[in-house]
Amino acid sequence: DVSASAGILTGNGRSQYDQQNYVQQLLQSAWLASQRYQEERDDGLQDVQKRLYSCYNPDTTAPGPSLPIDTVYVQEDGSSWDVIGPRKERSDNCDDNKGMRERETPEWNDAYQFKQQYISRNVPCVIRGLDNSHFAEISNQWRSKVHHSDDTTSGGNNQSRSQENIKKVNENELESRSSLNGTKINTEWFRRFVGNDTLVPVRIDNFGTRGVFNNEDDQKGELNGLDEEGRAQECETKQMKLTEWIIRCQKQSLNVDDPTNNMQSGYLKDWHLVQYLSKKQNAHSIEPSPFLPLYTTPIFFDRDLLNNFLHRYSDGGDYKFTYWGPAGSQTRLHSDVLHSFSWSYNVVGKKKWIFHVPTCHEEGDNQIISEKRYFEVIQHTGEAIFVPSTWKHEVINLEETLSINHNWITSACIDQTWHCLLLEIAAVEKELSSWDVIPKDDFEARENMLRGCIGLDFTMFTLMVVLEIVELLHILFDCANKDNIAHQDGRYGIEDCAFSIFRLEIVLMDVMRQPNMVLRLEVMLDSQLYALEFNELANEAIKHISLLKQVPIP
């Protein structure tokens with residue numbers, strides 16, 4: 001009952017609890033924050049620019065940080081965190097938290113503060129410590145310690161070994177020698193639970209270098225996997241048996257610097273592994289199955305509109321991937337699909353990220369702008385990276401690397417996704433106009449084209465936003481009825497939910513103003529009645545949100 005929830009929060013149910021004024025203060029704070037979203041993003045970018053200027057400006061006398069972004073450490077509870085400070089190179093030991101232990105007692109922050117500091121401000125950060133909480137299980141199962149024998153070690157260091165002998169090296173030695181940091185990929189886990197003969201999607205890079213930059217222009221993303229018109233070139237996807245991939249990956253890692261190696265670079269990416277394992281388990285297969293889930297999404301990255309919607313209402317698609325690449329493999333310059341956020345956790349291995357800093361919404365004359373508009377981050381085993389919406393980046397595996405990656409959409413980037421969708425709608429209309437064969441009222445064809453281009457259509461987006469608002473209103477009601485709202489969970493539950501509701505409403509109002517909205521819904525829902533009812537629900541939600549905003553300023 002959306003109406004009941006809104007009524008209680010705005011005073012109609014004042015007698016139900018004694019802290020009405022406090023709730024109103026939280027609502028007012030959330031509304032003000034939701035109106036400053038563009039200022040917050042510009043502030044975040046300007047902060048990165050200032051720190052980038054300090055890092056690389058030769059005229060700067062004072063020593064600056066080694067990176068223009070934060071590194072944070074998360075406690076074992078998976079939610080309390082603190083900034084470690086200017087990033088320092090760490091050892092490759094995945095359990096190296098010495099720098100955190102040596103600190104004086106830190107002031108731990110919570111998940112809501114993380115969202116406000118990094119996600120709402122749309123700036124990247126490096127995250128350590130999640131392998132002790134959310135990713136402990138998957139790290140346990142997918143990692144294997146290397147125990148080099150004297151024979152293996154000497155063989156690995158013998159520079160005179162011929163190329164022919166390397167090609168003939170047996171599988172166990174390849175696995176042993178491919179690890180550089182004492183931790184390797186537990187390939188036996190994949191052989192057992194995925195299966196040697198299971199086909200996996202390997203991307204073959206047919207152009208450019210094998211993951212190594214040719215020159216400075218390549219490093220800046222220019223001429224790096226782009227065609228003559230500047231569009232990203234598509235890689236060929238080859239279905240390969242898992243056992244073939246394991247051997248190929250290890251050979252590529254060993255020979256990455258060999259100029260005589262003509263093997264095309266392969267990269268197992270966008271692999272829906274967790275989805276595959278879940279379906280396999282649900283089918284009651286007689287084959288061995290691991291204990292699921294292998295990991296839980298960190299609380300910093302919750303309220304995932306995209307994957308939650310797809311899980312509930314689609315045929316099972318998602319944006320949750322496993323990446324497994326040899327040394328030298330790469331993902332070329334891009335920004336993430338649908339202008340979504342993404343996070344990437346290194347289970348094993350080491351990556352180099354190159355972030356290209358966007359321009360501020362309004363760059364003034366008094367802002368400090370670094371001439372260098374990109375910076376590098378080395379991500380080690382056990383570290384996660386938060387990638388903001390619309391930030392272009394490229395990633396290179398410095399050694400054989402296994403990671404899990406999610407794209408997700410929240411209220412903090414919903415306007416960016418809506419902008420992306422509007423651009424695609426305009427592009428579809430332009431293309432259809434040039435064909436001059438599709439009627440202007442054929443909205444099914446238009447929606448199908450949108451899904452084919454970006455995996456999302458107007459109807460899916462509208463449903464996703466409205467259903468999230470309704471769910472958040474119920475959560476807001478539950479939080480407001482807690483006995484002690486001042487308690488951390490109650491306070492930030494209200495503020496976090498209200499902030500999301502107000503941000504979503506801004507986009508929903510623009511969606512409702514779009515021509516032929518109901519007709520699009522009618523075609524895709526295959527019912528005029530459902531389309532009209534849903535349109536009424538969306539309008540009712542907007543009315544109730546307007547009541548939430550009519551709280552007196554304390």
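Six bridges connect strand β12 to strand β13 (residues 374-379), and the two strands run antiparallel. The model described here is predicted: local features require pLDDT of at least 70, side-chain atom pairs count only at pLDDT 80 or more, and totals for chains, interfaces and linings use all residues. Residues are numbered from 1 along each chain as its sequence is written, and side-chain values use heavy atoms, with hydrogens and water left out. Helices (H or I, at least four residues) and strands (E, at least two) are DSSP runs numbered from the N terminus. Two strands are taken to pair if DSSP finds at least two bridges between them.

**The sheet around β12**

Strand β12 also pairs with strand β15 (residues 392-397), again in the antiparallel sense and over six bridges. Trp353 has a bridge partner in each neighbour: Val377 in β13 and Val395 in β15. His356 has Tyr374 as its bridge partner in β13.

These strands belong to an open sheet of four, in the order β10-β15-β12-β13, with antiparallel pairing. Its edge strands are β10 (330-334) and β13, each of which pairs on one side only. From one strand to the next the twist averages 15 degrees; axes are lines fitted to C-alpha atoms, for helices over the stretch in contact, and angles run from 0 to 180 degrees between N-to-C directions.

How enclosed is strand β12 (residues 351-356)? Six of its six residues are buried, so the strand is largely enclosed by the rest of the structure. Here buried means under 20% relative accessible area, exposed means over 50%, and partly exposed lies in between (1.4 Å probe, protein chains only). Both faces of β12 are covered, with Lys351, Trp353 and Phe355 buried on one side and Lys352, Ile354 and His356 buried on the other.

**Helix α10 and its packing against α13**

The axes of helix α10 (residues 187-195) and helix α13 (residues 273-282) come within 11 Å and cross at roughly 45 degrees. That angle makes α10 oblique to α13; angles under 35 degrees count as roughly parallel, over 145 as roughly antiparallel, 65 to 115 as roughly perpendicular and the rest as oblique. Trp189, Phe190, Phe193 and Val194 of α10 make the contact with Leu273, Tyr276, Leu277 and Lys280 of α13, where contact means heavy atoms within 4.5 Å. The residues of this contact comprise seven nonpolar, no polar and one charged. In this classification Ala, Val, Leu, Ile, Met, Phe, Trp, Tyr, Cys and Pro count as nonpolar, Asp, Glu, Lys and Arg as charged, and the others, Gly among them, as polar.

Helix α10 is mostly covered, seven of its nine residues being buried. The buried residues are Thr187, Trp189, Phe190, Arg191, Phe193, Val194 and Gly195.

**The nonpolar core**

Which residues have the most contacts inside the largest nonpolar core? They are Phe114, Trp142, Phe190, Trp324, Phe375 and Phe461, in a core of 123 residues. A nonpolar core is a set of buried Ala, Val, Leu, Ile, Met, Phe, Trp, Tyr and Cys residues joined through side-chain atoms within 4.5 Å. Helix α17 (residues 458-480) gives the most to this core, with 13 residues. Phe190, a residue of the α10 contact with α13, touches Trp142, Ile185, Gly195, Leu242, Trp271, Leu273, Trp324 and Leu402, not counting residues up to four places away in sequence.

**Individual residues**

| Residue | Relative accessible area | Class |
|---|---|---|
| Trp81 | 3% | buried |
| Leu338 | 3% | buried |
| Asp496 | 17% | buried |
| Asp270 | 23% | partly exposed |

Trp81 lies in strand β2 (residues 81-85). Asp496 belongs to helix α18 (residues 488-512) and touches Tyr112 and Lys115, not counting residues up to four places away in sequence.

Asp270, in strand β8 (residues 265-271), has a phi near 55 degrees, a positive value in a residue other than glycine. Leu338 is not a glycine either, and has a positive phi of about 60 degrees; Leu338 is placed in the loop between β10 and β11 (341-348). The peptide bond from Leu292 to Pro293 is cis, with omega near 5 degrees, and Pro293 is in the loop between α13 and α14 (305-313).
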